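Student: I would like to learn how to read a few local features from a set of coordinates. Could we go through them one at a time?

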Amino acid sequence: MTDSRKITLHENEMPTHWYNIIHDMPNKPLPPLNPATREPIGPEALAPLFPMELIKQEVSQEQFIEIPEEVRDIYAMWRPTPLFRARNLEKMLDTSAKIYYKYEGVSPSGSHKPNTAVPQAYYNMKEGVKRITTETGAGQWGSALSFACKAFDIECDVYMVRISFDQKPYRKMMMQTWGANVFPSPSDRTQAGQKILADDPNTPGSLGIAISEAVEMAATREDTKYSLGSVLNHVLMHQTIIGQEAIKQLEKAGADLPDYVFAPFGGGSNFAGIAFPFLHLNLTEGKTIQCIASEPTSAPKLTRGVFRYDFGDTVGMTPLLPMYTLGHTFVPAKIHAGGLRYHGAGAIISQLLADGFIGAEAIDQLESFEAGVQFAQAEGIIPAPEANHAVASVFRAVEKAKEEGTSPTLLLNLCGHGNFDMLAYQDYFAGKLEPHELSQNEVEEALGKIDTPTIKSVVDKLG
Ligand SMILES: *Cc1c(COP(=O)(O)O)cnc(C)c1O
């Protein structure tokens, strides 16, 4: 037993492998479909967009994959990240629950995203790629990739969702500091962007639109590949270093395994990062740790969407993936948690949710900021607006424990700080944040537009 507030690991205790949950899933994720023919596609179809090594990881069934030494060397600039016991918060909430949080905001760009940006840039460099294109919503992913590309001397083109481009100039400058080229999306550099601008010149943009642009640029240029900051299997796997470290740290602190693990949910990467190593214990050792994804009420794909094949982007260029989705044409409201404004969820996460291995809840942005501000006042760190959603889930769990007279152990993934998101906090303090929940009609309208194959139709075809 120890009273440590901050539980650290030495650099040489950093995990040496990523954990691939597909190995332990009873139902493996279904294959992607070709966007045109809607037939199942193999990994080779992804070759124009990604380097071979990442494609191999995307379809790998190996349980653990070694982290290259060069990647671990860059990780060591900020990893292992600290795990904190939130004693002040426990006191403030007057709870007997134990609250821990894993803090990923210590990375150079301030979130968990470099955990995958670095290996992605590394494998591209190894295969001779000269330029990587990508999209960014809140700017977190773009800055992580800009940092990672600079580390391996690759050019980086970032398509940044327009509302964030306008609202978050500092994120843009961060990317430029690391040498990236940043374009507001939709842009007139791509056919996808031109088409959307013609329909609605004032569109705030969305992650889906920006993905279309970045994919188009990579697909049409020989020396250029594309990189995605969430959703895909290999991206989720790279994040599993978070949960593996957390397990070691809880052990070091003499703490119990958590009863609940909470993380905010955009496309699933930081949730996967903290949750999968704990799900590994559920799947292989019979533990019953509950992993809960916190999504915004304005983009509630896990709690109100359907499990169906859908495009990753808005225009319909990407392969169709089996996912919980609100439909690829759904444009979420302009909430401040830009990283959560996405219509779908990764294939692994979706299969796990369909099979009942994980849970999800939707949090309104007002509730999320109320919780985030209290967290900051207790623990000092100002959470990213995305992370506030999971902080609010912790607050709900604390309330529930009080009602039930229990003292659970709660683990939160504090996946990023909010130091570049002060405009969002300003709007919150000015009373400008409205509760925002989709009406049943809005959900039905969004789902009604989906015309992509159902899961069942593909399962039947595969036999
Ligand atoms: C990108 C981002 C998210 C959402 O993406 P996931 O892939 O779901 O993790 C959440 N929080 C922060 C801080 C982010 O940068």
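Student: Where is the place of P80?

Tutor: This is a predicted model. P80 sits in the loop between α2 (69-75) and β4 (83-85).

Student: What kind of peptide bond joins R79 and P80?

Tutor: The general idea comes before the case. Most peptide bonds are trans. The bond joining R79 and P80 is cis, with omega at about -10 degrees. The peptide bond from S185 to P186 is also cis, and its omega is near 5 degrees. P186 is placed in the loop between β8 (181-185) and α8 (191-199).

Student: What is the phi of D94?

Tutor: Again, the general idea is this: most residues other than glycine have a negative phi. D94 is not a glycine, yet its phi is positive, about 50 degrees. D94 lies in the loop between α3 (87-93) and β5 (98-103).

Student: Is D94 buried or exposed?

Tutor: D94 has a relative accessible area of 65%, so it is exposed. V231 is another non-glycine residue with a positive phi, about 70 degrees. V231 is found in the loop between β9 (224-226) and α10 (233-238). V231 counts as buried because its relative accessibility is 7%.

Student: How many disulfides does the count come to?

Tutor: A disulfide is a covalent bond between the sulfur atoms of two cysteines. The cut-off here is 2.5 Å between the sulfur atoms, and by this rule the count is zero.

Student: How do I read a helix pair, and at what angle do α1 and α4 cross?

Tutor: Take the distance between the axes, then the crossing angle. The axes of α1 (residues 52-59) and α4 (residues 114-126) come within 8 Å and cross at roughly 130 degrees. The two helices are therefore oblique to each other.

Student: Which residues make the contact?

Tutor: From α1 they are E53, L54 and Q57, and from α4 they are Q120, Y123 and N124. By class, the residues of this contact divide into two nonpolar, three polar and one charged.

Terms used
Residues are numbered from 1 along each chain as its sequence is written. This is a predicted model: local features need pLDDT of at least 70, side-chain atom pairs count only at pLDDT 80 or more; totals for chains, interfaces and linings use all residues. Side-chain values use heavy atoms; hydrogens and water are left out. Axes are lines fitted to C-alpha atoms, for helices over the stretch in contact, and angles run from 0 to 180 degrees between N-to-C directions. Helices (H or I, at least four residues) and strands (E, at least two) are DSSP runs, numbered from the N terminus. Angles under 35 degrees count as roughly parallel, over 145 as roughly antiparallel, 65 to 115 as roughly perpendicular and the rest as oblique. Contact means heavy atoms within 4.5 Å. Ala, Val, Leu, Ile, Met, Phe, Trp, Tyr, Cys and Pro count as nonpolar, Asp, Glu, Lys and Arg as charged, and the others, Gly among them, as polar. Buried means under 20% relative accessible area, exposed over 50%, partly exposed in between (1.4 Å probe, protein chains only).
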